[in-house]
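User: I have a structure open and some questions about it. Can we go through a few parts of it?

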Amino acid sequence: MKFTLSWLKDHLDTDASVAEIAEALTDLGLEVEDIVNPAEKLKDFTIGKVLHAEKHPDADKLRVCNVLTDEGETQIICGAPNAREGITVVVCKPGMYIPGLDITIGVGKIRGIESFGMMASERELELSDEHDGIIELPSGEVGDKFIDWLAENEPSKVDPMIEIAITPNRPDALGVYGIARDLAARGVGTLKTHDYAPVAGDFPCPVSVSIDEDTLDGCPLFAGRVIRGVKNGPSPQWLQDQLKAIGLRPISALVDVTNYFTYDQNRPLHVFDVAKVQGGLRVHRAAGGEKLVALDEKEYTLGAGQMVISDDNGPESIAGVMGGEATGCTEETVDVFLESAFWDHVQIATTGRALKINSDARYRFERGVDPEFTLEGLERATQMIMDLCGGEPSEIVIAGDVPDHSRAYKLDPARVQSLVGMEIPESEQRQTLTRLGFRLESNMAHVPSWRPDVQGEADLVEEVARIASLTKLQGKPLPRLTDGIPKAVMTPAQRRLQMARRTVAALGYNECVTYSFIDQASAALFGGGDETTMLANPISSEMSHMRPDLLPGLLQAAARNQARGYMDLALFEVGPAFSGGEPGEQNNQISGLLVGRTGPKDVHGASRGVDLYDAKADAEAVLAAIGAPAKVQILRDGATWWHPGRHGRVCLGPKKMLAVFGELHPKVLAEMDIKGPAVAFTIWPDEIPLPRKSSATRSALQQSDLQAVERDFAFVVDGDVEALTLVNAAAGADKALIESVRVFDEFIGGSLGEGKKSLAITVRLQPTDKTLKEKDIEAVSAKIVAKVEKATKGTLRG
């Protein structure tokens with residue numbers, strides 16, 4: 001929305017500067033996007049007078065002029081044909097910036113004679129396109145500021161233009177009068193009232209109007225009148241200047257009046273040439289397929305149900321959007337039908353979008369105009385047309401009625417404090433609403449017809465706070481709900497996720513935040529991709545399913561990085577994964593991904609490809625940080641996207657899985673376009689048991705002062721027996737006494753025979769209540785041998 005300062009002052013009596021007005025508008029919620037002040041670029045130029053002018057000795061078209069300025073006489077060489085003695089000119093001194101030339105002028109020498117500045121043309125000062133000669137002023141004293149002369153004699157050329165952003169809920173601010181009303185309510189000035197008297201009709205209107213029954217919901221009111229005997233031509237200069245200042249092209253007096261009311265009062269109007277209208281005007285819905293050439297000279301095909309204004313010849317205007325070229329006004333127009341209507345905003349928006357037409361009328365109607373101003377706007381525009389073009393008005397013809405949008409809400413002064421936190425006296429609240437056009441009866445506030453956005457008591461509070469200025473709102477600490485030390489805000493589960501993030505980041509990983517939606521093919525690789533996790537309305541085919549695991553997103557991120565030359569990656573993410581679309585069918589995960597090598601190549605050969613032990617070490621570090629039990633089992637039989645022989649599940653039992661780590665399956669890596677070795681881990685923090693006692697302090701360190709004992713065992717087992725099976729069996733012999741079991745040797749072949757191997761383990765026994773004696777150690781050793789032989793079908797090696 002654009003307007004000039006002088007236009008605003010037509011409705012607002014104020015002495016505020018442009019900067020003060022702009023600050024107030026932004027604070028009121030009408031954000032100022034741009035200010036164009038022509039005076040800023042002209043503030044340095046002064047008025048001078050040519051005392052003497054003579055031909056340049058070495059150039060026929062140049063004249064050497066002695067110019068009187070505020071600094072005395074100076075010599076300026078000028079090539080303008082009208083440069084002569086006695087004229088009053090605009091002087092540009094050395095060092096000044098010339099906006100039309102985009103240069104800073106200096107002292108120059110032209111054909112051997114120095115020139116100290118220049119005398120400007122209108123184009124050089126960006127006042128117009130005139131450049132046939134320098135500016136000749138009919139008046140003005142030497143040394144006066146040129147902008148002061150313009151402000152007094154041609155104010156439109158230094159009139160500041162302000163552009164504001166209008167939010168969809170403030171259609172009343174699409175008129176200059178509505179903006180002035182807000183500023184007056186703030187106290188920036190006083191709102192001017194413009195009384196009017198209805199224009200009496202001199203004869204019955206020869207053009208009838210009607211609205212079809214099925215169109216009344218889209219056009220509840222359609223009114224107009226004929227003005228005959230008008231003389232259409234250029235509009236007066238003041239009107240042309242106002243329209244040009246906001247970027248509109250003056251067309252003719254009749255059209256310029258409708259554009260003026262569109263921006264001045266937010267009341268779009270339309271004029272039909274009566275000589276081109278056959279019969280009456282009818283508002284109805286298009287059957288579909290009708291064609292109309294609009295005022296923008298483009299042909300549009302109307303869709304079924306779109307509202308149109310037709311005469312006996314067919315459609316003549318796209319209702320509320322754009323008029324038709326066939327019945328448009330020209331300089332030959334003598335009789336004109338002036339139309340003012342109220343349209344349903346939703347249907348206008350639908351039509352405009354379908355036809356891809358952006359017009360000032362559509363922009364306003366689809367946001368909402370004042371229904372009660374429909375007839376008043378018609379009367380005011382009639383008077384303006386008669387003032388500018390003459391003519392004789394007919395009686396007004398009306399179809400439909402003004403829709404009733406009246407409503408009232410209770411004004412509760414205390415709600416300003418509870419909703420906004422500002423203390424505003426009740427008298428000030430009532431005064432604010434009254435200035436904004438609300439009508440107060442006791443404690444009920446009747447909403448003005450031009451404010452469709454006010455729909456409840458809270459909106460009244462918003463208006464009061466907006467005018468009072470939210471910049472006056474002072475921050476206050478929230479009251480404490482309990483005495484003493486407040487309870488923790490985060491839950492134990494949230495603290496675990498926070499600790500996990502910090503731990504993984506400290507291990508050198510980079511955190512990723514990927515979408516919870518992935519494509520069906522990637523989801524299927526990780527056990528998902530079925531209908532239970534499919535989105536009903538995905539934003540793209542690559543986001544059609546809820547992710548069953550965090551690893552697909554990490555792998556896609558790694559593939560994008562590798563495509564850009566980053567081959568060695570350490571990525572992690574903490575977030576939910578989904579097994580279905582119902583509540584409860586999701587779980588939190590902590591996933592990490594290592595791709596490529598552990599570091600750059602070096603002379604010592606320390607760089608190597610990542611392996612499953614890197615993933616295992618990192619997974620164990622995270623588990624320890626978030627409070628997982630130290631004694632766990634490592635089992636096989638993980639999901640299908642893990643390498644079948646190079647992964648492990650961290651479990652508290654056969655059915656209680658805390659994490660999984662290992663290499664990813666080569667087929668998955670190929671599908672996801674990952675190059676090089678890739679290992680990963682996934683932790684389910686919700687599966688980790690919470691501590692039995694919750695305390696802000698750590699528990700005492702449990703350290704035994706008794707001597708630990710280590711014993712080595714070697715077992716001969718079948719070649720397909722996994723070392724993990726043997727370790728788990730030995731650890732389960734006496735869980736209280738056995739602290740750890742570790743494999744330290746594997747031997748295959750020799751005297752063991754075909755299909756046999758020897759696995760050697762070290763078992764560490766840590767007593768807690770008494771020193772172990774030999775018989776105690778032998779008893780535990782026997783249990784270990786028995787457990788291992790039972791689990792592996794092997795024998796103790798002699």
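User: What is Val 67 in contact with, leaving aside its neighbours within four places in sequence?
Analyst: Val 67 is in contact with Gly 48, Lys 49, Val 50, Gly 72, Glu 73, Thr 74, Ile 76, Val 89, Val 91 and Met 119. Contact means heavy atoms within 4.5 Å. Before going on: this is a predicted model, local features need pLDDT of at least 70, side-chain atom pairs count only at pLDDT 80 or more, and totals for chains, interfaces and linings use all residues. Residues are numbered from 1 along each chain as its sequence is written, and side-chain values use heavy atoms, with hydrogens and water left out.

User: Where does Val 67 lie? And is Val 67 buried or exposed?
Analyst: Val 67 lies in strand 5, residues 59–69. Strands (E, at least two residues) and helices (H or I, at least four) are DSSP runs numbered from the N terminus. Val 67 has a relative accessible area of 0%, so it is buried. Buried means under 20% relative accessible area, exposed over 50%, and partly exposed in between, with a 1.4 Å probe and protein chains only.

User: How many Å apart in space are Val 67 and Ala 619?
Analyst: They are 87 Å apart, C-alpha to C-alpha, and 552 residues apart in sequence.

User: New topic, helix 2. Which residues in helix 2 are buried?
Analyst: Val 18, Ile 21, Ala 22, Ala 24 and Leu 25 are the buried ones. Looking down the axis of helix 2, they fall within an arc of 165°, so they line one face of the helix. The arc is that of the directions from the helix axis to the C-beta atoms.

User: Which exposed residues does the face turned away from the buried side of helix 2 carry?
Analyst: That face carries Ala 19 and Glu 23.

User: What do the buried residues of helix 2 pack against?
Analyst: They pack against strand 1 (2–4), helix 1 (5–9), strand 3 (32–36), strand 13 (161–164) and helix 5.

User: How do the axes of helix 2 and helix 5 cross?
Analyst: The axes of helix 2 (residues 18–27) and helix 5 (residues 176–186) come within 10 Å and cross at roughly 95°. Helix 2 and helix 5 are therefore roughly perpendicular to each other. Angles under 35 degrees count as roughly parallel, over 145 as roughly antiparallel, 65 to 115 as roughly perpendicular and the rest as oblique. The axes are lines fitted to C-alpha atoms, for helices over the stretch in contact, and angles run from 0 to 180 degrees between N-to-C directions.

User: Which residues make the contact?
Analyst: Helix 2 brings Ile 21, Ala 24, Leu 25 and Asp 27, and helix 5 brings Ile 179, Leu 183 and Arg 186.

User: What follows helix 2?
Analyst: Gly 29 follows helix 2, and its phi is positive, near 100°.

User: Now helix 6. Which residues of helix 6 are buried?
Analyst: Leu 239, Gln 240, Gln 242 and Leu 243 are buried. Down the axis of helix 6 they fall within an arc of 160°, so they line one face of the helix. They pack against helix 1, helix 7 (253–264) and helix 10 (374–389).

User: Why does Gln 240 count as buried?
Analyst: Gln 240 counts as buried because its relative accessibility is 15%. Not counting residues up to four places away in sequence, Gln 240 touches Pro 234, Ser 235 and Pro 250.

User: On to sheets. In what order are the strands of the open sheet of seven?
Analyst: The order is 30-33-34-38-37-36-35, with mixed pairing. Two strands pair if DSSP finds at least two bridges between them. The edge strands, each pairing on one side only, are strand 30 (510–511) and strand 35 (633–635).

User: How many bridges join strand 30 to strand 33?
Analyst: Two bridges join them, and the two strands run parallel. Glu 511 stands opposite Phe 572 in strand 33. Helix 14 (residues 492–506) packs on this sheet, touching strand 30, strand 33 and strand 34 (586–595).

User: And the sheet of three strands, what is the pairing?
Analyst: The pairing there is antiparallel, in the order 27-29-28. The edge strands are strand 27 (408–410) and strand 28 (439–441). Three bridges join strand 28 to strand 29, and Leu 440 has Ala 445 in strand 29 as its bridge partner.
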